[in-house]
Amino acid sequence: MLDRPNLPDAVARSLRRQILEHALGAGERLNEVALAARLGVSRTPLREALSSLVSEGFVEQVPRRGFFVRPLSADEARQIYPVRAILD
């Protein structure tokens, strides 16, 4: 279960960490129902978190298909690596 004070932020942190640790792979479709169940949240905060991750470049949204983990270039990976250290 996730901490509830700011649920969409907590969900985004969890998903960001999973992307950076490759638990969610590049190009992988993010099934909202399964993710919400696994994280113990409703789809509303999950969608807010996914939208946040879209704006950060971790996830892309394809109309009528859903959300997908965005593949990162080598340059992006190098830029994001310091963020991973902070998250750890």
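**How the helices pack**

Reader: Helix 1 and helix 2 pack at an angle of about 105°, with their axes 12 Å apart. What does that make helix 1 relative to helix 2: oblique or roughly perpendicular?

Author: Helices here are DSSP runs of H or I with at least four residues, strands are E runs of at least two, and both are numbered from the N terminus. The axes are lines fitted to C-alpha atoms, for helices over the stretch in contact, and angles run from 0 to 180 degrees between N-to-C directions. Under 35 degrees is roughly parallel, over 145 roughly antiparallel, 65 to 115 roughly perpendicular and the rest oblique. An angle of about 105° therefore makes helix 1 and helix 2 roughly perpendicular.

Reader: What kind of model are we looking at?

Author: Residues are numbered from 1 along each chain as its sequence is written, and side-chain values use heavy atoms, with hydrogens and water left out. Local features need pLDDT of at least 70 and side-chain atom pairs count only at pLDDT 80 or more, while totals for chains, interfaces and linings use all residues, since this is a predicted model.

Reader: Which residues of helix 2 meet helix 1?

Author: Contact means heavy atoms within 4.5 Å. On the helix 1 side you'll find V11, S14, L15 and Q18, and they meet, in helix 2, L35, R38 and L39.

Reader: Is helix 1 oblique or roughly perpendicular to helix 3?

Author: The axes of helix 1 and helix 3 come within 8 Å and cross at roughly 55°. So the pair is neither called parallel nor perpendicular; helix 1 is to helix 3 oblique.

Reader: And is the crossing of helix 1 and helix 3 left-handed or right-handed?

Author: The convention: left-handed if the near helix is turned anticlockwise from the far one by less than a right angle, right-handed if clockwise. L7, P8, V11, A12, L15 and R16 in helix 1 meet P45, L46, E48, A49, L50, L53 and E56 in helix 3. The crossing of helix 1 past helix 3 is right-handed.

Reader: How far apart are the axes of helix 2 and helix 3?

Author: These two pack at about 110°, so helix 2 and helix 3 are roughly perpendicular to each other. E32, V33, L35, A36 and L39 of helix 2 make the contact with R43, L46, R47 and L50 of helix 3. The distance between the axes of helix 2 and helix 3 is 9 Å.

Reader: What pattern does the chain follow along the sequence?

Author: The chain has four helices and three strands. Read along the sequence, they come in the order α-β-α-α-β-β-α.

**Individual residues**

Reader: Is E32 buried or exposed?

Author: E32 lies in helix 2 and, beyond its neighbours within four places in sequence, is in contact with R43, L46, R47, L50 and F67. Buried means under 20% relative accessible area, exposed over 50% and partly exposed in between, with a 1.4 Å probe and protein chains only. At 15%, E32 therefore counts as buried.

Reader: What about G57: buried or exposed?

Author: G57 sits in the loop between helix 3 and strand 2 (59-62). Leaving aside neighbours within four places in sequence, G57 is in contact with R70 and L72. Its relative accessibility is 17%, so G57 counts as buried.

Reader: Is H22 buried or exposed?

Author: H22 is in the loop between helix 1 and strand 1 (29-30), and has a positive phi of about 65° although it isn't a glycine. Most residues other than glycine have a negative phi. With a relative accessible area of 65%, H22 is exposed.

Reader: And R64, what is its relative accessibility?

Author: R64 is in the loop between strand 2 and strand 3, and has a positive phi of about 60° without being a glycine. R64 counts as exposed because its relative accessibility is 86%.
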